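I opened this notebook to record what I looked up in one structure.

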Amino acid sequence: MTNSRWHFYLFLSPLLLWLGLLVIWPHANMLDVSLTERSYIKGNSFSLKHYRLFFEQPLYWLTYVRTAWVAILTTLMTLLISFPVAYYIAKIAKGRSKLVLFLACILPFWVSELVRAYGWMIVLRESGLLSGLLLSLGIISEPVEFLYNDGAILLGLVYSGMLFMIVPLVSALDSLDNSYIEAGFDLGGNRWNILREIVIPHAMPGIVSGCIIVFMLSLGNYLIPNLMGGKDSLWFTEQIFTQFITRFNWEQGSAFGILLLTLSSLIVWLSLKVTRQSLSSTMGQ
Amino acid sequence: MTHPDDALSCSNLTKKFDSFTAVDDLSFTVEKGRFFSILGPSGCGKTTLLRMLAGFEHPTSGSITIKGQEMSNVPPNLRPVNMVFQHLALFPTMTVAQNIAYGLKRRGVNRADREKKVLEVLARVGLPDSGEKAISQLSGGQKQRIAIARCLVLEPEVLLLDEPLGALDLKLREHMKVELKQLQQEFGTTFVYITHDQSEALVMSDKVAVMNHGRFEQVGSPQELYRAPKTAFTARFVGDTNAFEGTVQSVEGDRAEIALANGLVVAARTESTVDLGKSVEVFIRPENIMLGEAAQSRENTMEAIVLQELFDGANSKVLVNCSGQQVQVHHSVSQASGLTPGNKLSLSWDWQHTLCLPKDGAS
Amino acid sequence: MRRTTKLLASLALSSALLSTAASAETLRLLTWGGYAPDEVVALFEKETGITVKVTTSNNEDMISKLRATGGAGFDLAQPSQDRITGAQMEFGIYQPLDLSKVDAAQIIPSMLEATRSNTALEGKVYGLPHVWGTSGLVVNTKLAGDVKDYTDLCKAELKGKVSYRLKRPTLIGFAFALGEDPFAAYADAEKYQNILDKVEKKLIECKPIVKTYWTGGDALINLVRSEEVVAAMAWDAGGWKLNRDNKDIKFVAPKSGALGWIDTFALPRKSKATDAAYKWINFVMRPEIAAKITEAAGNFTASAGSDAHVNEVAKAQLQGSFPPADLDNINWYPAVPAGLEELEGLALDRIKAAQ
């Protein structure tokens with residue numbers, strides 16, 4: 001009896017350790033730091049100063065709102081682009097071509113995000129491939145800078161999110177038996193309302209889980225906005241990085257971190273409510 | 001060529017997949033209001049035929065006419081036919097009522113009429129209070145009825161059914177056979193039903209087409225198919241039977257004498273002309289064979305050794321060995337004594353109950 | 001039984017001895033790229049038998065790393081001289097140097113004196129000079145020959161063709177170019193804030209002109225080499241590197257003076273190998289070794305007489321960029337008082353956010 005219980009905890013211990021040491025403890029610690037006012041002379045004391053500063057400085061909360069907005073936009077665009085791709089892979093492509101297409105989607109993710117970002121920079125920069133191509137086609141008369149604007153950030157984020165959208169979508173659509181689509185046609189449906197009333201409701205758990213992942217990844221992305229965004233790229237993770245690394249203001253950085261965590265949890269919770277999905281149904285996919 | 005009473009007619013319908021011919025030059029008609037079954041083993045082309053009728057496959061050649069209208073260029077969503085899928089394909093993300101209303105909505109039926117029709121059809125299939133249920137809450141039989149209701153509410157000219165009973169357990173399947181037949185009679189809709197289960201076809205249908213290798217071997221009422229199969233394939237596929245191979249020794253009118261491979265000579269009835277010396281097959285249904293001494297008077301007799309009793313109540317049989325060939329014989333419960341394995345007994349049957357048909361592929 | 005215990009004990013003891021011996025013979029160096037080239041490390045290891053583990057970093061990262069561990073994990077660090085006292089006062093991550101262990105004769109006296117005063121806290125010295133350099137302007141003289149000072153980067157005709165960092169050197173450089181002396185105002189927060197406001201206004205005004213705020217040296221070199229950028233604020237070494245490939249690209253000391261920095265040697269508070277650290281310092285300040293570091297890093301060192309060992313190209317580049325008058329005109333960074341960086345940070349945030 002006691003022996004089996006001992007075994008139970010033994011098996012559970014890696015999970016408990018992982019949760020405790022890598023999830024709960026650092027976050028609790030971060031919360032603690034964010035509520036501390038550091039003073040060399042007076043010693044540390046409890047303070048809401050860092051949260052107050054966030055609301056007092058328009059720069060910070062504007063960046064916060066902007067980051068959330070761009071991340072949401074990225075998620076929607078990723079969904080819009082990935083859905084037809086996933087549909088093609090899951091429902092139309094057959095046998096070998098299906099595998100090849102799926103691999104083609106995954107392949108770019110075998111190199112690091114940094115390399116992919118540099119790849120895009122080579123394409124989009126003023127002396128880059130796209131500008132050169134348009135020049136040689138005579139569409140533009142002098143080099144155009146495609147990099148360092150919000151469009152470039154969006155492009156980079158959508159690109160890095162695609163895989164995480166396509167995989168759950170393909171698995172969700174794969175599980176939709178063709179007979180449901182045929183039944184839709186048989187009962188008089190056309191492509192559009194079969195998509196809306198049969199395919200999308202069926203793929204909803206996949207759509208929501210893909211969206212959650214892409215949203216989280218975009219919101220927390222540092223590299224893409226930093227490298228591709230240029231002088232106007234305001235991104236909340238950049239603010240956190242700046243506070244921690246260049247300002248040595250861990251207290252402010254922690255407060256920002258907690259705020260970002262709150263924001264992402266809130267938006268995920270809201271989107272689950274709106275789509276009437278539960279976290280377990282979408283993550284169990 | 002098409003009769004006004006025909007719900008469906010096909011002429012010279014052919015479907016080829018690369019070099020494989022799934023449906024081979026079929027021509028047939030189905031009268032309005034009939035329960036028409038297509039019976040055949042898997043791979044005989046019956047599913048392809050049904051999918052062509054529904055519009056999911058395009059015929060390689062030939063035409064399909066439904067209610068006098070040519071269907072070649074009509075997409076599935078505009079055909080006056082509906083289909084009950086093998087696994088029913090009830091939309092799991094919708095309630096029962098939403099499933100039934102789906103087709104009505106596509107036709108632009110207004111909300112009030114939709115609700116009325118849904119309630120009506122639910123009452124007719126005997127599930128009046130199920131509208132708000134989720135599909136997963138239904139039992140197997142209830143799902144069948146909802147799948148049929150979803151189609152019938154659209155009042156199709158022809159209802160196509162793709163082995164919908166296949167997934168049910170035996171007991172429920174027996175029950176649903178009766179229920180399906182009743183539903184069909186009640187609604188008066190033309191049913192085209194495909195199955196590989198001869199019992200389903202025999203019980204429910206007005207007419208059955210036996211299909212093999214993309215062609216109809218024989219089309220007729222269940223009784224005709226059972227009593228007077230025209231080909232060896234039909235004889236073997238419809239109902240239980242004992243088959244022997246042999247060669248024709250003599251023919252006298254519709255009576256022929258056949259020398260069997262085991263050396264015996266039996267007399268049989270033949271409808272098609274069989275030539276002397278030709279190899280044929282001889283079929284005797286288990287219920288036509290008599291057992292024991294009382295049977296000596298019949299024309300055809302055989303000595304046999306009991307192998308095994310196959311007890312199944314009123315449908316009990318005994319498996320015997322006749323000169324190296326296994327034969328099934330019905331026996332009544334009163335005859336049950338003396339059926340211990342190893343016992344010798346004699347079999348006998350009338351020549352009228354013995355059917356002689358050319359071997360498959362020989363004609 | 002007893003024998004096994006004895007054996008185990010002696011095993012444990014000897015392994016403990018071995019491990020302390022090993023750690024004593026390892027020098028964990030926290031430095032900049034190029035400051036500890038493989039060749040120099042190999043020579044040092046051969047001569048002393050001490051293994052050197054190099055971690056490359058930058059000023060902010062060094063402070064962050066040492067702050068996280070309270071000054072442990074490294075035996076010798078190389079922060080810039082102006083970043084020592086502030087960090088030391090706030091986080092206490094360094095320990096004072098024992099100058100008696102340093103061969104002062106190998107070091108240019110003026111630089112030794114400069115860092116001695118700049119890194120002193122309560123009478124103790126925390127930094128020794130190693131590599132020095134300046135930041136100024138990298139200009140493509142063929143395409144933007146008239147860029148002479150930081151504020152020239154805001155000229156309308158250079159729109160989309162200039163780049164600089166959004167970091168404190170830019171604030172300081174622009175302040176000098178606008179005729180202010182930010183270093184003199186270090187002690188007076190209010191006065192410093194006034195200067196920052198002025199610089200902030202100028203940089204916001206300048207924002208439409210700038211192509212992008214560069215973040216890494218390689219990215220900048222790429223931009224200038226492809227001629228997408230014709231004038232930028234950058235380090236002298238980067239400019240010289242570009243000059244070797246394209247003669248039109250030159251490092252120019254701005255009219256208002258280049259900004260001079262000195263990277264130092266400092267001992268983390270929990271350094272485990274201070275002896276090895278002093279050995280390394282004395283080793284790399286030898287003229288012929290220092291010359292190798294100059295070749296690798298691109299910048300000159302505080303080693304007396306190492307110029308003689310440096311190649312001609314590098315010498316010519318130094319003299320080309322810094323005629324004697326400009327060398328005297330260099331504005332050396334004084335130590336940054338605590339709290340100043342927060343003011344600067346807010347100003348930088350506002351510039352970044354401005355539309």
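**Entry 1. Ground rules**

I noted that this is a predicted model, in which local features need pLDDT of at least 70 and side-chain atom pairs count only at pLDDT 80 or more, while totals for chains, interfaces and linings use all residues. Residues are numbered from 1 along each chain as its sequence is written, chains are lettered from A and ligands numbered from 1 in the order in which they are written, and side-chain values use heavy atoms, with hydrogens and water left out.

**Entry 2. Which chains touch**

**Entry 3. Where chain A meets chain C**

I recorded 25 residues from chain A and 34 residues from chain C in this contact. The size of an interface is often given as the accessible area lost when the parts come together. Here the buried area is about 2500 Å², and carbon and sulfur atoms give 50% of it. Buried area is the accessible area (1.4 Å probe) that two parts lose on being put together, summed over both. On the chain A side, A:Lys231, A:Arg247 and A:Phe248 lose the most area to chain C, together 29% of what that side buries.

I next counted polar contacts and found 10 residue pairs between chain A and chain C, both residues at pLDDT 80 or more. A polar contact is a pair of N or O atoms within 3.5 Å; within protein, one must be able to donate a hydrogen and the other to accept it, and residues adjacent in sequence count only if both atoms are side-chain atoms. Helix 3 (58-92), helix 11 (236-246) and helix 12 (250-275) of chain A each supply at least two residues of the side that touches chain C. Helix 11 of chain A gives the largest share, 6 residues. Helices (H or I, at least four residues) and strands (E, at least two) are DSSP runs, numbered from the N terminus. The residues of this side of chain A divide into 9 nonpolar, 7 polar and 9 charged. Ala, Val, Leu, Ile, Met, Phe, Trp, Tyr, Cys and Pro count as nonpolar, Asp, Glu, Lys and Arg as charged, and the others, Gly among them, as polar.

**Entry 4. Chain B**

I found 8 helices and 20 strands in chain B. Its C-alpha atoms fill a box of roughly 75 × 45 × 35 Å, taken along the principal axes. Of the 363 residues in chain B, 52% are buried. Buried means under 20% relative accessible area, exposed over 50%, and partly exposed in between (1.4 Å probe, protein chains only).

**Entry 5. C:Leu158**

Not counting residues up to four places away in sequence, C:Leu158 touches C:Ala144, C:Val147, C:Asp152, C:Ile209 and C:Val230.

**Entry 6. Salt bridges**

Side chains of opposite charge can pair when their charged atoms come close. I searched the whole structure and found 45 salt bridges over all chains. A salt bridge is a side-chain nitrogen of Lys or Arg within 4 Å of a carboxyl oxygen of Asp or Glu. Between chain A and chain C the count is 5. One of the salt bridges joins C:Lys211 and A:Glu145, whose closest N and O atoms are 2.3 Å apart. A:Arg125, A:Glu126, A:Glu145, C:Lys211 and C:Glu228 are linked in a network of salt bridges.

C:Glu200 is buried at 12% relative accessible area, whereas C:Arg350 is partly exposed at 30%.

Conventions. Contact means heavy atoms within 4.5 Å.
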